[in-house]
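The following note sets out points for a colleague reading this structure. Please read the points alongside the sequence and the coordinates.

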Amino acid sequence: MESNLLSLLIWTPIVGGIVVLAAGGETRAPLARKLSLAFSIIALLLSLPLYNGFDKTTAAMQFEERFPWISTFNVFYHLGIDGISLVLILLTAFLTVIVVIAGWQVIQDKVAQYMAAFLIMEGLMIGVFSSLDAILFYVFWEGMLIPMFLIIGIWGGPNRIYATIKFFLYTLLGSLLMLVAFIYLYQQSGSFSLADYYDLPIGKNTQIMLFFAFLAAFAVKVPMVPVHTWLPDAHVEAPTGGSVILAAIMLKMGGYGFLRFSLPILPDASHILAGFMITLSLIAIVYIALVALVQDDMKKLIAYSSIAHMGFVTLGFFVFSAQGIEGGIVQMISHGFISGALFLCVGVLYDRMHSRLISSYGGVANTMPVFAAFMMLFAMANAGLPGTSGFVGEFLVILAAFKINAWYAVLAGTTLIFGAAYTLWMYKRVIFGVIANTEVKTLTDVNNREILFLTLLAGMVLLIGVWPFPILDLVHASVEQLVAQSAVSKIEIVTGAIR
Amino acid sequence: MFENMKLVYMAIPLSCLVASVVAGIFGRKIGRAGAHTITILAVAIAFALSLVVYVDVLEGNKFNGSVYTWMVSGGVPFEIGFLIDELSATMMAVVSFVSLMVHVYTIGYMHDDPGYQRFFSYISLFTFSMLMLVMSNNFLQLFFGWEAVGLMSYLLIGFWFDRESAIAASLKAFLVNRVGDLGFLLGIAAVVALFGSLDYSVVFAGAPGAASKSFSFLGGEMTWITAICLLLFIGAMGKSAQVPLHVWLPDSMEGPTPISALIHAATMVTAGIFMVARMSPLYELSETALSVVMVIGAITAFFMALIGLVQHDIKRVVAYSTLSQLGYMMVALGASAYAAGIFHLVTHAFFKALLFLAAGSVIIALHHQQDMRAMGGLRKPMPITYLTAVIGTLALVGFPGFAGFFSKDAIIEAVHLSELPGSGFAFIAVTAGVFVTAFYSFRLLFLTFHGRPRMDQETRRHVKESPWVVWVPLVLLAIPSILAGAWYFEPMLFGNFFGESLKVLPEHDTLAKLAAKHPEATGVALLWDVIVHGFVSPPTWLFLAGSVLAWVFYIEKPELPEKIVKRFGVIHGVLMNKYGFDEAYNVVFARGTREVGGALWKFGDATLIDGWLVNGTARIVGWVSSAVRHIQTGYVYHYAFAMIIGLFLLLTLFLKP
């Protein structure tokens, strides 16, 4: 099918970002806001035909576009999506609109630049989810970091430079190893096309080395223990919108990478190292949950909670069953909404009191009852309550893990207790109780703009919780194929041909 | 009666959900009257339709079907659906009836509370959750309801969110329940792993065939069925507050009284009992699990009743009574007398709701005074409350003829006839429990309604009977507290009332053995036989002894308890400290996990990863570059020399054959 929908979806927000930059100088902030909202909504609308036209019955790539880009190295501008890409693209388009609305009044400094950064980042992130060429993927992958650095570095908190550099070094180191892996695969196959990599026979030891190269890139993004310590710092310093995109979408890049590269290209290494990956995932779920319990900064707590929840994603992927992988995917989507919503909730409080410390609050429910109700919903979703999206992925992953080894399920299941403990304990100290101080006493409840974005997110959290069928329906075919791909050994084909 | 019963089934929970959402979101617009009108109307509809369903089911029209597909993954469909049979129909009727009473009562009790609309929204949602739980035809929806009632109890216990004790209790309730839920979830995971389905009918049908499948566990063999039953029972221990997961329930008294009644009578705590009964086709296949259920139940029944002896808070006495009675129900389930367990659940729902609401009536009359030491002599100013409380007490202690007598007596008899390991202990525990129950119940009655009034003059002058919205529910609950036992005794215990919904293997069938004891009698003759027999049986003597002792202690010689406490200070201390569960959990779990978390954070993240790895790498890079800096001399011949050596090394490396 001939279509340039994906290109439109990538370039509309990027061009939009440039337009916003050009049109909205320091004095024309209102114009910049309106233009940004318009462009983000256009991008969201453009994603709808993608959803409507998507054929759920096939695992083949759809909406493909392929043009030569750097002919010398056989690099193509090659786009295409399957169900897994689609759900992540929809998430990206939806959350960018939310972030624009959320930054409406809060950002007063360099409005055009702020909004433009998010629009450009949206285009690049959609590019990551739809690239079928390794170099194109790499360009988008690295490109999207630039706006994020700027967002944290310019609109961030007092310790933003340390956070940005830590973030930068962590991710750069990982990405470079991934680039090395791409170059190796290019040497072997003469192509940068992912489809060629899927068919490429690779020996066992080579697979393991490549796996670690990819792991370096993806594990940092997810982030997995022990390369997670950049995340709490980055979140604490990032402005609210930056935290939302970081948690909701950027972390998903790592998970997406495992599904797009590690599992299908390196099936044997994935199986050999599954125990290792599962161990790291379980450490993330248990250890990080305990660490989250003792945080006194709300953003840090949610950041640690993110790491623990992403542990379910990697756990689900490396049990290699349809239930596990689908659970991981739903967990990624759900975590996008929930962590985004929680960071926005902290943002709502921060805008009013300029503190992220739990101890600065207490009794907020007395002055902000509507806000308290919203945050209760998101806190419960974070604790994985059935009926919210937070339950679906964790439930599936626990079911899948139980079949492999009941103890995996026991350890993963502790999230039921710890997840509730750290989330609700924070909620209790911030929202419940008597009014703690005069600042809390003068708080005003959420305004219509805040109600708007909280309602949108609440709607998604509940919708997925009550009826996850549509999401799973979109990814079934792709996941089935992925399970099949990762089950076929590539070593057999090589048989001695490796050096 | 109706063309499409499925719509009726759906209307029952959904009416509560809709009302709750309306009262919750538009509470300010529709006002107080609007909120209570819509929620009460909804629960009334739910109750009326539940009766329709109940009658329909007894006529033989059962239902088992899906409403919608929640999701499909890995070839397993996850459905939302209903199983309407004798068991669920009974539960629906009881839940919606008690809930309706509580709704009406709330108008009076919460009259001047600023969170009026929110409260109605919560209790309707609570009712919705419980209805979904009991109507489920699969484990997924069961877990939905399971967690949803946990959520609602969290919100309701912490309803007065500016009270530290209330919000601490609500968090505790949620987390302790979550411990149970972990077991429950793992049980469900085991079910899916073993049967590949979440559907009750598929699982139950496959259970006998899977009964012999086992795995090695801690050096021994364990069947999968036993593992599933024990894991699910951990969940039941959380919800139905069995030792050692009982600690949340007494603290749940921090919530407003109507919610205590709802939690303790019809919703939430009965979920565990209901679940085990629903899973009877699984539990029947594991005598190990049945024994565990019986022994845990017996421990709870006796030892929790003892704590009730020393409490001063009127609601806490009733709360410990609930714990103890839940233990009785569990014992019945463990003895495979599922019908007796559900029978006691039903009668208990009526008289326990009655006792709680009566306690609440006293509490509002005394302006939120809950300490029995500041009560006394209330039978004159509050005759209706007093009379209904007497009825509730007689039903609770098992006075022959009252509702609790039939159900409790059946449990004691059934456990006596059980041959499973632990049944001997359980029999002693539940029999001795009768004495303790009588003592604390009459202690409550005497301290509250009899003797010298101990409240201050001001309160005493103004104390009067509660308004009609409060006492009408009391009266309506008093009626089944008298009659429900006699009404259900024969059909539920001997008459195959539950049909296929409860499964008992012939070798476990204690109720069949019990029926053999009354070979001839049916109908009124049977009831008469049982009542007369009851007056001469040991439980009745024990109950009489308990009540007489309470009378001596609290009416005849009020100075006596003081002396006894001094004499047996140690035992009294142990009971006052509730056996030290709370302290132990606080130290080990609440503080323990925080300290472990803090240590992991400080050492793992801050020292090890950030300190050594991340910043260490940065430092090494710093050292290396400062060392390397010396090489950069700026002299061209130095660079040229380095380049030649480099080139030479590379060539050697690549040209090596």
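1. Helices (H or I, at least four residues) and strands (E, at least two) are taken here as DSSP runs, numbered from the N terminus. On that basis chain B holds 27 helices and 4 strands. This is a predicted model, in which local features need pLDDT of at least 70 and side-chain atom pairs count only at pLDDT 80 or more, while totals for chains, interfaces and linings use all residues. Residues are numbered from 1 along each chain as its sequence is written, chains are lettered from A and ligands numbered from 1 in the order in which they are written, and side-chain values use heavy atoms, with hydrogens and water left out.

2. Along the principal axes, the C-alpha atoms of chain B fill a box of roughly 115 × 65 × 60 Å. Of the 657 residues in chain B, 59% are buried (under 20% relative accessible area, with exposed over 50% and partly exposed in between; 1.4 Å probe, protein chains only). Where contacts in chain B (heavy atoms within 4.5 Å) join residues at least 6 apart in sequence, 80% of them link residues at least 24 apart.

3. The interface draws 61 residues from chain A and 51 residues from chain B. The two chains bury about 4,800 Å² between them, 75% of it on carbon and sulfur atoms; buried area is the accessible area (1.4 Å probe) that two parts lose on being put together, summed over both. On the chain B side, B:Trp70, B:Arg178 and B:Trp601 lose the most area to chain A, together 13% of what that side buries.

4. Between chain B and chain A the count is 1 salt bridge (a side-chain nitrogen of Lys or Arg within 4 Å of a carboxyl oxygen of Asp or Glu). A salt bridge joins the side chains of A:Lys428 and B:Glu164, at 3.2 Å from N to O.

5. The largest nonpolar core has 449 residues, and A:Phe371, A:Phe378, B:Phe139, B:Leu282 and B:Tyr283 touch the most other members. Such a core is a set of buried Ala, Val, Leu, Ile, Met, Phe, Trp, Tyr and Cys residues joined through side-chain atoms within 4.5 Å. Helix H15 (residues 338-365) of chain B gives this core its largest share, 21 residues. Leaving aside residues up to four places away in sequence, A:Phe378 touches residues including A:Ile338, A:Cys345, A:Leu454 and A:Val461.
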